[in-house]
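Subject: Structure for you to look at

Hello,

Here is the structure we talked about. My notes on it follow below.

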Amino acid sequence: MALSLHLVASKTPAGSGGGSRLLLPQLRRGGITLSSVISLRRRPFWISASSSSDRDSTAVLASLGYSSDNGISGMIDVDAVTEAELKENGFRSTRRTKLVCTIGPATCGLEQLEALASGGMNVARVNMCHGDRGWHREVIRRVRKLNEEKGYAVAVMMDTEGSEIHMGDLPSSSARAEDGDIWTFSVRNFNSPPPDHTISVNYDGFAEDVKVGDELLVDGGMVRFEVIAKIGPDVRCRCTDPGLLLPRANLTFLRDGCLVQERNAMLPTISSKDWLDIDFGIAEGVDFIAISFVKTAEVINHLKSYIAARSHGSDISVIAKIESVDSLKNLEDIIRASDGAMVARGDLGAQIPLEEVPMAQRKIVKLCRKLNRPVIVASQLLESMIEYPTPTRAEVADVSEAVRQRADALMLSGESAMGQHPEKALSVLRNVSLRIEKWWREESKHDAVELPGIASSFSGGVSEEICNSAAKMANNLGADALFVYTKMGHMGSLLSRCRPDCPIFAFTPSVAARRRLNLQWGLIPFRLAYSDDMESNLRRTFSLLRARGMIHSGDLVIAVSDMLQSVQVITVPPEN
Ligand SMILES: Nc1ncnc2c1ncn2[C@@H]1O[C@H](COP(=O)(O)OP(=O)(O)OP(=O)(O)O)[C@@H](O)[C@H]1O
Ligand SMILES: CC(=O)C(=O)O
Ligand SMILES: [K+]
Ligand SMILES: [Mg+2]
């Protein structure tokens, strides 16, 4: 199909020498209202520029159809935190890295949830390993209630238990294993809490699978035991690396220093309990389902068909947790099949040598960016803050590195679920993200990451090219913001993938798409009904955002739309 492009300068400001791209920033600073439209296929490409006296700009706006209302009216939805941040700091310095908080006993109350929401939590995660469905239902409903009543836009992620081996509940919230202590790991069913120094294990084959001499790792090696005897359903172990035992902690075992994996192959990635949890998640309308211990792309495809059949049009994103050797082997296929990925460093560090985890993280983050899937870096980012009010310098360096790698999101686990300082931990993530992002921009480190074409259709290819060009234009012109009108969020994600210097305002008519966009780097999602008349959309958006003090006349905006597949460069006009 031939694309014909026409360039028409509709009006040239006196003395400006025309509307060349390099002149655009000067034109703007010189008080010139300038707009250009590049439209592929359905419209000619044209650029117009005018001086910014009110009358002239009004004339240009009128020529753009700005004065005609197309009948769509109503409000724009933006969350309370974003609005406050935009007003306070101006939108250039809004946070680009998104934050996920695991909700547990320390944060499940309405007030605590609100403190996290107002502290910048973009996604609340509930881990189905812990608590019962009633508990999780209550948390999800509280988050929704806060969204509805207080104007937050926190998305909900449900994380499946998976069928890996883990410990059962403990008589209290934690127990300490000391060096040389003898503990019994048992597959017996205990009706009440197990006796002292005894831990129940969820997998019936456990006692058969382990051998005397094996090393048993709790939580990826936070505590270690040596198997010293097997007596029927009981496995007696001696503690070799002391530490804290937490309820439902994951168990792995090593034989001659190597991970024992046979049993993994026997168990399904999604257990029968997980399927019930997934039904629960669909019924509660969660935004993301994170699948633990993914081994292949098939399981993701299967789950996505299942969700499509059951969720009646509502769209739930499936996040693949990369936390096993198998998932690393099939990484690209898994990420292609999923809607996003999580670098689940906790369990990953139990399956591969710890010193390999940073490389795996980097590889996963890069690949997700290439394939345009949001990626979350998770586990132990601020582990010491479970207990202490300030992080270690090493933890801050770790968070900085994830931000520098431009991961879409960072996640708190125990720090927010059961720690002493959930809000402080969140504020550390927020402050470090802001600082490192600012540093990155000051250094003007435009990414050298090569973004391969990923579209499977011509139209998809056009969207991709438009977003790549728009992001580049925004960087080169020093634009204040990118605007993207995106029905399902796809164009929004393509822009996010470019990691441009300016923030991306994403307008979508869908409440669910808006919440999902919350997981993606640099996107500020708004809900807005819009028409296929871009000029009118822009006029409305400008007036709605200007009225709320979120943009100002004179700001340079690059607008992209998925309906027209167009790019427009426009200066926010003065109020009429
Ligand atoms: N709903 C909950 N109820 C009680 N404790 C919880 C809950 N959610 C989390 N926790 C506590 O917080 C700790 C960290 O939570 P998180 O969900 O990140 O566990 P994890 O073991 O790292 O994740 P995963 O099980 O997915 O590998 C858990 O070990 C548990 O002690
Ligand atoms: C988050 C998670 O599942 C892990 O790190 O293992
Ligand atoms: K889990
Ligand atoms: Mg895990």
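Helix α12 (residues 345-351) supplies the largest share of the shell around ligand 2, three residues; helices here are DSSP runs (H or I, at least four residues) and strands are runs of E (at least two), numbered from the N terminus. This is a predicted model, in which local features need pLDDT of at least 70 and side-chain atom pairs pLDDT 80 or more, while totals for chains, interfaces and linings use all residues. Residues are numbered from 1 along each chain as its sequence is written, with chains lettered from A and ligands numbered from 1 in the order in which they are written.

The residues around ligand 2 include Lys321, Glu323, Arg345 and Asp347. By class, the shell divides into two nonpolar, four polar and four charged residues (nonpolar: Ala, Val, Leu, Ile, Met, Phe, Trp, Tyr, Cys and Pro; charged: Asp, Glu, Lys and Arg; polar: the others, Gly among them).

Eight strands form a closed barrel with parallel pairing, in the order β3-β4-β5-β15-β16-β17-β18-β19; two strands pair if DSSP finds at least two bridges between them. From one strand to the next the twist averages 25 degrees (axes are lines fitted to C-alpha atoms, for helices over the stretch in contact, and angles run from 0 to 180 degrees between N-to-C directions).

Regards

Terms used:
A residue is near a molecule or strand if its C-beta atom, placed from the backbone, lies within 6 Å of it.
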